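Please look at the sequence and the structure before reading on.

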Amino acid sequence: MALKDKKLKMPPTVEEPMVKKKVKSKNKDNANESYERYIFKVLRQVHPKMRISKQAMAVMQSCVTDTFDRIAMEANRLCRQMKHTTMTHREIQSAVRLVFPGELSKHAVSEGCKAVMMFNAKGET
């Protein structure tokens with residue numbers, strides 16, 4: 001076999017700048033993450049005939065995202081203080097108690113426990 005028959009890939013020369021192709025990942029849609037669907041479902045449960053404007057939905061989206069970030073940061077802080085590598089339901093529950101004030105934290109914890117129990121019940125059947 002002659003050397004010409006083999007197609008070797010040579011490194012790019014100075015004349016040819018290397019062009020990186022953008023690869024779209026299915027997991028990289030975090031920038032487009034939206035809670036609008038869930039906000040609308042809760043609104044329908046509480047007030048079935050009420051509507052919501054785009055501006056109000058944007059405010060709610062911002063509020064939910066900010067709250068999620070605060071809980072996640074607090075849970076991360078708790079994990080680092082306890083020197084745990086895995087974030088469990090205990091860290092999340094403690095973070096919710098620290099982030100939310102008074103009675104709101106109690107309701108949030110009870111709703112979270114109820115949701116986890118329903119999730120586990122669906123997994124068993």
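The model is predicted, so local features need pLDDT of at least 70 and side-chain atom pairs count only at pLDDT 80 or more, while totals for chains, interfaces and linings use all residues. Residues are numbered from 1 along each chain as its sequence is written, and side-chain values use heavy atoms, with hydrogens and water left out. Helices (H or I, at least four residues) are DSSP runs, numbered from the N terminus.

**Helices H1 and H2**

- Helix H1 (residues 36–46) and helix H2 (residues 54–82) have axes that come within 10 Å and cross at roughly 110°. Axes are lines fitted to C-alpha atoms, for helices over the stretch in contact, and angles run from 0 to 180 degrees between N-to-C directions.
- H1 is therefore roughly perpendicular to H2 (65 to 115 degrees).
- Glu 36, Ile 39 and Phe 40 of H1 meet Met 57, Met 60, Gln 61 and Val 64 of H2 in this contact (heavy atoms within 4.5 Å).

**Helix H3**

- Glu 91, Ala 95 and Val 96 are buried in helix H3 (residues 89–99); buried means under 20% relative accessible area, exposed over 50%, and partly exposed in between (1.4 Å probe, protein chains only).
- The buried residues of H3 fall within an arc of 135° when seen down its axis, so they line one face of the helix. The arc is that of the directions from the helix axis to the C-beta atoms.
- These buried residues pack against H2 and H4.
- His 89, Arg 90 and Arg 97 are exposed on the other side of H3.

**Helices H3 and H4**

- The axes of H3 and H4 are 8 Å apart, and the two helices pack at an angle of about 155°.
- H3 and H4 are therefore roughly antiparallel to each other (over 145 degrees).
- Gln 93, Val 96 and Arg 97 of H3 make the contact with Ser 105, Ala 108, Val 109 and Cys 113 of H4.

**Two single residues**

- Ala 108 is found in helix H4 (residues 102–124), and counts as partly exposed because its relative accessibility is 26%.
- Ala 108 touches Val 96 and Phe 100, not counting residues up to four places away in sequence.
- Lys 83 lies in the loop between H2 and H3 and has a positive phi of about 60° although it is not a glycine.
- Lys 83 counts as exposed because its relative accessibility is 73%.

Technical notes: Parallel < 35°, antiparallel > 145°, perpendicular 65-115°, else oblique.
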